[in-house]
Every structure is written in structure tokens, then in C-alpha cells.
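Here's a quick briefing to read alongside the model.

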Amino acid sequence: MEIVLSGIRPTGNLHLGNYFGAVKNFVKMQHENNAFFFIADYHSLTTHPTPNDLHGNVKQVLAEYLACGLNPDVATIYVQSDLPEIAELYLLLNMNSYLGELERTTSFKDKVRTQPNNVNAGLLTYPVLMAADILIHRAKKVPVGKDQEQNLEMARKFAKRFNNLYNVQYFDEPTPFNFGEELIKIPGLDGSGKMGKSEGNGIYLIDDDKTIRSKVMKAKTDAGPTIPNQKMPEEIVNLFTIANIVSEKDTVNVFRNKYNDCTIRYGDFKKQLAEDIIKFTSPIRERVLEIHANEQYLKKVVKLGAEKARVSASKTIKEVREIIGFKSF
Ligand code: TYM
């Protein structure tokens with residue numbers, strides 16, 4: 001059994017990008033692997049240092065995950081801050097990570113641009129905390145979307161460096177995983193590259209039908225094709241990318257052919273796309289509401305998850321301490 005791990009920051013509701021980039025694969029993998037899934041509440045403080053309702057956000061994301069099919073009877077589901085061992089491994093890994101390499105990561109450079117008034121040390125060392133999340137269970141496979149590729153590269157680097165420094169073969173190198181396929185990037189509805197929580201361009205799993213229709217109908221399009229088989233602009237490619245994951249193949253082909261012979265009406269395409277998204281999200285939305293209302297159940301899930309996760313985390317910390325040379329008197 002391989003060790004699989006993934007996580008999400010509780011900074012907003014789950015959108016189609018989160019689902020198709022990571023959750024779907026995790027749900028598929030949880031049965032055949034030793035699977036860990038956690039809610040990265042420490043991480044969320046890097047962008048939201050004083051959240052309005054940290055606990056409420058964690059609870060909401062947890063309910064959404066369970067509604068997507070994460071099964072607490074087979075996977076270990078926990079909240080990051082319930083495992084102090086992660087913070088300790090983060091501290092130890094920080095001693096072997098360097099300013100230059102951390103400053104060069106794309107996500108850090110992005111954040112310096114988007115939140116210039118809060119370039120905190122947590123942002124700088126974000127990849128180290130993420131490596132600690134993964135290495136604390138010595139996970140090998142990490143189902144994530146394309147945006148996490150560089151963070152995984154850093155995690156491999158820190159794992160390798162630890163082994164070299166202490167002359168051990170302790171950590172395996174964790175790799176992003178998508179069943180042998182390219183990692184996925186779900187685009188936004190605004191013609192931009194990526195659907196994101198902070199970009200305001202997403203469709204959330206808990207959006208109601210009306211909201212989904214309105215968001216899709218407002219998605220950016222161009223004036224339409226005028227030359228047969230002409231190259232699609234990015235915003236139209238994006239709509240087809242979303243259609244490819246929620247609509248029937250035949251439906252997508254019909255619209256693609258209409259694009260190619262210049263008879264497509266974007267209004268019809270969007271109407272169909274909205275209905276196909278609704279068909280996919282509405283059962284999940286109903287389950288979210290049900291699970292969210294069941295306080296006792298949620299409490300049980302995280303309590304059991306933390307207990308299970310701490311067994312594996314404390315074993316790693318004990319061994320790491322021994323490897324480094326800490327000894328008790
Ligand atoms: P986060 O919270 O931004 O997103 C959670 C997961 O959703 C994926 N994702 C996407 N996939 C495809 N297309 C998109 N538009 C899209 N948007 C988001 C992300 O790739 C991610 O898999 N740093 C992580 C959380 C984390 C983590 C970890 C993940 C912390 N420690 C250890 C794995 C292992 C993050 O911010 O994801």
C-alpha cells in the first residue's frame with residue numbers, strides 16, 4: 001500500500017478546479033492506498049492572518065470534502081493544526097532551506113505582487129510547510145492540480161537534502177499524481193488561465209442553479225468565428241476545457257463542429273454547459289448541506305482523523321529526531 005496525501009486551504013468554498021484538479025483523484029485513490037487528507041489551516045494564515053471565522057471555514061470545507069466522496073472509514077481526514085508534529089518538522093526542515101531558493105518560487109513572487117503589504121515569513125517558507133505536510137507521513141503520491149507542481153518539486157528537494165545531510169535514506173521523494181496523465185489546470189470563466197478562490201472567476205460546488213446559469217452566461221467570449229477551423233481564442237478554449245470534464249463527449253463534439261463551421265451560437269453552448277455543470281454539482285450541494293448540519297458527525301470525523309494521523313506523524317518525528325541527533329538525558 002502506498003502512502004497518498006493531499007490537502008486544501010480553508011480560504012473559500014470548493015470550486016470545479018479543486019474538484020477536478022485534486023479531490024476527484026484522491027477519492028478514487030483512497031481505497032487502494034493508505035490515504036491522508038487534511039485541511040491546511042496553518043497555510044491559510046499566510047494570506048488571511050486574521051480570518052473572520054477560521055473554525056467555520058474549516059468546518060465548511062470539511063463538509064464539502066466529505067460530500068465529494070472522501071470516506072473517513074477508509075481515509076485519514078484531519079485538520080492540520082491538530083498535528084503539532086507538522087510544526088516541528090517544519091521547524092527542522094527550515095534549517096535546511098535557503099532564502100534564495102524560497103524567494104525564487106513562482107507562488108512567492110506572485111504573492112509579493114498581489115499582497116505587497118503583507119509579505120510575511122510564512123509566505124516565504126510556504127513550500128517548507130508543505131513539504132512538512134507531506135513528509136510527516138512519508139507520503140509518496142500527492143494528487144494535486146498543476147499549480148502545485150513547483151511546491152512538489154521543492155518538497156522533493158527538501159527530502160533529498162535531508163537524506164544527504166544526515167546520510168540516510170529516510171524520506172522518499174514525493175511526486176504529484178494524476179494516474180499517469182498531465183496534471184490538470186481548470187481555467188476561470190473570465191478568460192484567465194486558472195480558476196481560483198481569490199480570482200472571483202470560479203464555479204463553486206455549492207452554487208445554486210441560478211448562480212451557475214448566471215455565471216456561465218456571463219463568461220467571456222469573443223465575437224465568434226468567421227473563418228472555418230480558425231484557431232480558438234483562449235476564453236473559448238477555456239469553455240471547451242470545462243465542457244470536456246462535465247459534458248457528454250457527443251455534446252462537446254456538436255459544439256466543436258459548429259465552431260469549426262462558424263455556426264456556433266455561444267448562448268446555446270453556454271446554456272448547455274450550465275445545465276451540465278448543474279447536473280454534476282447539485283447532488284454534491286445537497287450532501288454538503290446535510291453533512292454541514294450534522295455537527296456530531298463532523299466532530300467525530302476530525303477527532304478520529306487526528307488520532308489516526310498522529311500515530312504516523314509522531315513516529316516520523318521520533319525517527320527524525322533520532323537521525324538528527326537529539327537525545328534525552
Ligand atoms: P489550494 O487550497 O489552492 O487548492 C486545493 C487543490 O486544488 C487544486 N486546484 C486546482 N486544480 C486544477 N485547476 C485549478 N484551477 C485549481 N485550483 C486549485 C490545487 O492544485 C490543490 O491540489 N498548497 C496547497 C494546499 C496544501 C497541500 C499540502 C496540497 C498544503 N499542503 C500538501 C498537497 C499536499 C494549496 O494551496 O491548494
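Glu295 counts as partly exposed, since its relative accessibility is 42% (partly exposed sits between buried, under 20% relative accessible area, and exposed, over 50%, with a 1.4 Å probe and protein chains only). Keep in mind that this is a predicted model, where local features need pLDDT of at least 70, side-chain atom pairs count only at pLDDT 80 or more, and totals for chains, interfaces and linings use all residues. Residues are numbered from 1 along each chain as its sequence is written, and side-chain values use heavy atoms, with hydrogens and water left out.

**Salt bridges**

- Glu295 pairs with Lys59 in a salt bridge, with the closest N and O atoms 2.9 Å apart (the cut-off is a side-chain nitrogen of Lys or Arg within 4 Å of a carboxyl oxygen of Asp or Glu).
- Glu295 sits in helix H14 (residues 295-324) and Lys59 in helix H3, so the pair ties together parts 236 residues apart in sequence (helices are DSSP runs of H or I with at least four residues, strands are E runs of at least two, and both are numbered from the N terminus).
- Lys59 is buried, at a relative accessible area of 16%.
- Asp147 and Lys194 also meet through their side chains, at 3.2 Å from N to O.
- Both are partly exposed: Asp147 has 40% relative accessibility, and Lys194 has a relative accessible area of 34%.
- Across the whole structure, a search finds 19 salt bridges.

**Helix H1**

- H1 (residues 16-29) has 14 residues and reaches 19 Å from first C-alpha to last, close to the 20 Å expected at 1.5 Å a residue (the expected span is 1.5 Å times one less than the number of residues).
- At Val23, H1 bends by about 40° (that's the angle between axes fitted to the seven residues ending there and the seven starting there).
- 12 of the 14 residues of H1 are buried, so the rest of the structure largely encloses it.
- The cover over those buried residues includes strand E1 (3-8), helix H3 (54-68) and helix H13 (266-293) (contact means heavy atoms within 4.5 Å).

- Glu235, in helix H11, is buried yet has no salt bridge, and the nearest side chain of opposite charge, Lys220, is 4.6 Å away (Lys and Arg count as positive, Asp and Glu as negative; His and the chain ends are not counted).
- Met154, found in helix H9 (residues 149-166), counts as buried at 5% relative accessibility.
- Met154 and Pro127 are 27 residues apart in sequence and 6.5 Å apart in space, C-alpha to C-alpha.
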